[in-house]
Every structure is written in structure tokens, then in C-alpha cells.
Protein chains: 2
Amino acid sequence: MAEIPDDHPRHDSLVTRHRIEAGVEQGITSKQGLIAQGRGEAFDYLLGEETTPTADGAERVAAAHLLLADHPVLSVNGNVAALVPGEIVALAEVTGADIEVNLFNRTEQRMQRIADHLRDHGAEDVKGLNADATIPGLSHERAKVDGDGIYAADVVLVPLEDGDRAEALAEMGKTELVVDLNPMSRSAQTAAVPIVDNIIRAIPAITEHATALRDASRDELRQIVAEFDRGAALDAAEQRIRNGDFE
Amino acid sequence: MAEIPDDHPRHDSLVTRHRIEAGVEQGITSKQGLIAQGRGEAFDYLLGEETTPTADGAERVAAAHLLLADHPVLSVNGNVAALVPGEIVALAEVTGADIEVNLFNRTEQRMQRIADHLRDHGAEDVKGLNADATIPGLSHERAKVDGDGIYAADVVLVPLEDGDRAEALAEMGKTELVVDLNPMSRSAQTAAVPIVDNIIRAIPAITEHATALRDASRDELRQIVAEFDRGAALDAAEQRIRNGDFE
């Protein structure tokens with residue numbers, strides 16, 4: 001990889017990309033993950049590359065869901081591991097959630113490398129390697145989960161999730177918190193809480209809200225959850241893409 | 001890479017992605033190229049994944065420019081080589097254009113592999129390997145071009161070009177024909193003829209127009225070029241992204 005000139009007008013953006021490319025070198029991010037990163041970049045560009053007030057509200061609701069859950073799980077794929085490994089560990093600590101590795105293109109080697117990478121960033125228990133349960137309605141490797149992890153979870157944070165899996169998890173009755181920069185994607189449309197934001201901004205924001213809400217009563221948390229209007233959140237994001245200032 | 005289930009709702013899209021991933025395996029497409037592919041996918045999705053009438057008009061104007069040119073050159077990078085190698089060769093044959101390999105992340109190995117790949121698809125002469133001239137105003141490897149290729153060209157087709165290079169080429173006074181799915185990108189904004197379309201559809205369309213216009217007089221070709229309104233073409237694409245039916 002050639003060095004990026006300091007005077008390149010998109011220097012920061014390119015450096016971020018290189019971080020996810022480093023994930024490829026480490027066997028963490030897949031080639032499909034690189035393409036997904038590009039799609040996200042385009043939507044983030046259209047959204048203005050900042051957390052909108054609506055997204056911030058959804059991040060607070062996601063924090064309330066995680067705190068209310070009996071068994072919350074944070075699902076981690078290759079891009080999530082490459083971009084926000086420490087941030088995921090911090091969110092798991094604040095909310096008491098499990099961390100489970102779950103890949104669209106599952107190989108044992110990538111599973112192991114991602115689990116190791118999360119442990120390097122402070123994770124104590126990383127699920128997903130047992131793969132002793134199956135999500136109904138999915139074919140191939142994508143159905144595999146841990147019986148005491150995602151399979152048993154009541155609330156699942158699925159950042160950057162494939163549409164098929166998002167739908168199948170929702171059909172299992174799980175409360176899905178989805179981080180996805182495309183508000184029209186099936187994942188976002190399926191979610192109980194669609195968070196239309198860059199994962200680099202979203203995960204720390206959820207952690208911050210969870211920290212602030214840690215002493216809230218369950219009634220207060222339930223009220224935050226009840227007041228959330230997922231349709232309005234999706235509409236707001238789509239309107240921003242349609243009518244935002246593109247320059 | 002796991003097999004894609006036939007029942008996957010985005011089967012075709014995933015197969016297309018795998019084609020560009022094959023380019024990575026062959027040392028043709030860079031990791032940055034995969035991310036760029038993802039950005040393109042997002043914009044193509046917003047545009048409806050079809051050639052708009054405005055884009056088709058721009059493709060006809062591009063064909064006229066190539067036929068009028070004294071020294072037209074088609075610039076090829078890793079994604080172009082992976083996605084449309086035979087189509088580029090066909091366009092070069094119809095218009096008498098040179099083909100020159102030009103990479104954002106230039107290495108001699110990738111240059112050689114892409115040139116070989118184009119020759120495998122019928123290219124007779126592939127420029128870009130001499131790199132004996134320099135585009136003013138660019139640092140590093142990105143400035144290198146062939147003295148008897150892009151450096152000397154009057155009309156250059158630059159599909160999927162980096163914004164810096166597009167601006168630098170325009171400052172050299174070249175007529176730039178840009179294929180870019182983001183109408184707000186600097187490349188598209190810089191172009192004499194911005195073609196907001198998927199390269200898989202755009203290159204064959206330009207070839208088709210060039211074939212149809214082969215017997216047109218220079219006056220007819222000049223009229224087609226003169227009637228083109230680049231601002232209106234960019235506005236139409238942006239309006240479609242803003243107001244298109246997203247579903």
C-alpha cells in the first residue's frame with residue numbers, strides 16, 4: 001500500500017479505510033466486508049458523516065433495551081471487530097452483555113482470529129465458537145450460533161448485519177438493535193431499533209447512554225423504550241439522504 | 001468463500017461482487033478497489049440499478065468525443081480491468097483509442113498483471129508501463145503516465161477515477177469523460193462529460209453509440225458534443241438520488 005500524501009483532501013477517510021484493510025491482513029475482515037465498508041461510506045457521505053439527533057435518540061433507546069434485557073448479546077462480525085473491538089468490549093462491560101462472533105462467511109480460522117482479536121482488546125468470554133444451535137430458516141453456515149449465546153438472547157445488537165439473518169432473528173422473537181447506514185436495508189427495516197449511524201460513532205454513543213442510564217429505574221428505561229418511534233426514525237434518515245446538503 | 005445459497009435475495013449482486021473479488025485473487029483489484037466497489041453499489045442502488053435516459057445521453061456524447069479525438073485514451077484501473085476487460089478492448093477497437101493502465105496504488109506487479117489480463121481479453125497494445133511522463137500537480141506514484149499515452153491525449157475516458165487525478169488531468173486541458181456513480185464526486189464534477197452509470201452498463205453503451213455513429217460526419221459529431229449540458233446531467237442524477245423510489 002502506497003503512503004497517502006498528507007495533502008490528500010480525503011486523508012482521514014483513507015486512513016479509516018486502511019484500518020479495515022489491516023483487518024484483512026490480519027484475517028479478520030473479509031473481502032465482502034471491504035465492499036460493505038464502501039457501501040457504508042457512501043451512505044455516511046449522504047447523511048453528512050455525523051450522528052443525527054434521531055440516531056442519537058435511537059442509540060439511547062438501544063442502551064435502555066440492553067440494560068432491561070435478561071440476556072443481551074452483542075453480535076460481532078469481521079468489520080465490527082476491525083473497526084471497534086475495544087468499543088464493543090466497553091459496551092459489553094457497561095451493559096452486562098455477552099459478545100458473540102457471527103460471520104456471514106464463516107470459517108473456523110476467521111472465527112478464531114476474531115475471538116483472539118477481541119480478547120486482545122479485553123474481552124473475557126467470547127461466544128460463537130461452539131456453534132451448537134441453529135437459527136431456523138437460514139441455510140448453510142449463516143445459521144450457526146451458540147446455544148447459550150444469540151440463540152438464547154432476548155435482545156441482540158447486530159451491527160452491519162446481513163438482511164437474511166436480521167429477518168430470521170426477528171422471526172425468533174428477539175428484540176433486534178441494528179446499526180446500519182442504509183435506512184432502506186432489510187436489516188434496518190426489520191429492527192426494533194434501527195440506528196442509522198456509522199458504527200465508529202454509534203457504539204461509543206450507546207455505551208455513553210448506557211453509562212448515563214445505569215442508575216435509572218426499570219420503569220424509566222421502559223418508558224424510554226415505549227416512546228421510541230422506529231418508523232419516524234427510519235423516515236428521518238431517509239429524508240436526510242433525500243434532502244440533505246450533499247456538498 | 002462460502003457458496004451463496006440460490007435462495008439468497010441478492011444472489012446476482014453477490015455474484016457480481018465475487019467477480020471483483022476474483023480480481024483481488026488475481027492481483028488485479030486492490031483492497032481500496034473493493035471499498036470503491038461498495039460505494040458504487042450504494043449509489044447504483046439509490047439510482048435504481050439501471051441506465052437512466054440522461055446517462056444514456058452522456059454515453060452517446062462520450063462516444064462522439066472519442067470519435068472526434070486526435071488521440072483518445074481509455075484509462076484502466078484495477079476495478080475496470082476486473083469488471084469490463086473485454087468491453088474496454090471492444091470500445092478501443094471501435095474508437096481507435098489507446099488503452100493505458102493507471103493505478104491509484106501503483107506497483108509494477110499489479111501494472112503487469114492488469115496489462116496481461118487486458119491482453120488475454122484481446123488488447124494488442126497496452127500503455128502505462130513506461131511511465132516516462134508526469135501529470136503536473138500530483139505527488140507520488142499517482143502522477144506517472146506514458147508520454148505517448150495519457151500525457152499526449154486530447155480526450156481521456158477515466159472510469160472510476162480518483163478526484164485528485166481527475167482534477168489534475170482537467171487542468172492539463174484534456175477533455176475528460178468520467179464514469180462515476182456519485183454525481184457529487186469531484187471526478188464527476190470535474191468532467192467535461194460525467195456519466196453517472198454502472199461501468200458494467202456504461203462501457204458497452206458507449207461502444208454501441210460509437211458503432212452507430214461511426215459513419216456520422218464530424219459536423220454531426222460536433223453538434224452532439226455542443227448540445228450536451230453537463231450541469232443538467234449532474235442535476236438529473238442528483239435529483240434521481242434525492243427523489244427516486246428507494247424500494
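**Note on annotated sites and aromatic pairs**

1. A:Tyr45 is partly exposed, with a relative accessible area of 23%. Buried means under 20% relative accessible area, exposed over 50%, and partly exposed in between, with a 1.4 Å probe and protein chains only. This is a predicted model, in which local features need pLDDT of at least 70 and side-chain atom pairs count only at pLDDT 80 or more, while totals for chains, interfaces and linings use all residues. Residues are numbered from 1 along each chain as its sequence is written, chains are lettered from A and ligands numbered from 1 in the order in which they are written, and side-chain values use heavy atoms, with hydrogens and water left out.

2. A:Phe43 and B:Tyr45 form an edge-to-face pair, at 6.4 Å centre to centre and 70 degrees between the planes. This pair crosses between chains. A:Phe43 sits in helix 2 (residues 31–47) of chain A, and B:Tyr45 in helix 2 (residues 31–47) of chain B. Helices (H or I, at least four residues) and strands (E, at least two) are DSSP runs, numbered from the N terminus. A:Phe43 is buried at 4% relative accessibility, whereas B:Tyr45 is partly exposed at 23%.

3. A:Tyr45 and B:Phe43 also make an edge-to-face pair, with 6.4 Å between centres and 70 degrees between the planes. It too runs between chains, from helix 2 of chain A to helix 2 of chain B. B:Phe43 counts as buried, at 3% relative accessibility.

4. The UniProt annotation "binding site", from an unreviewed entry, covers A:Arg17, A:Arg39, A:Asp180, A:Leu181, A:Asn182, A:Arg186, A:Ser187, A:Asn198 and A:Ile199. They span 183 residues in sequence, and the farthest two C-alpha atoms are 24.9 Å apart, so they do not all gather at one spot. UniProt positions are in the numbering used here, feature names are shortened, and annotations may be inferred rather than shown by experiment.

5. A:Arg17 lies in helix 1 (residues 11–25) of chain A. A:Arg17 is buried, at 6% relative accessibility.

6. A:Leu181 lies in the loop between strand 7 (175–179) and helix 8 (186–190) of chain A. Its relative accessible area is 11%, so A:Leu181 is buried. Leaving aside neighbours within four places in sequence, A:Leu181 has contacts (heavy atoms within 4.5 Å) that include A:Phe43, A:Asp44 and A:Asn198.

How values were computed:
Rings of Phe, Tyr and Trp (its six-membered ring) pair if their centres lie within 6.5 Å; planes under 30 degrees apart count as stacked, over 60 as edge-to-face and the rest as tilted.
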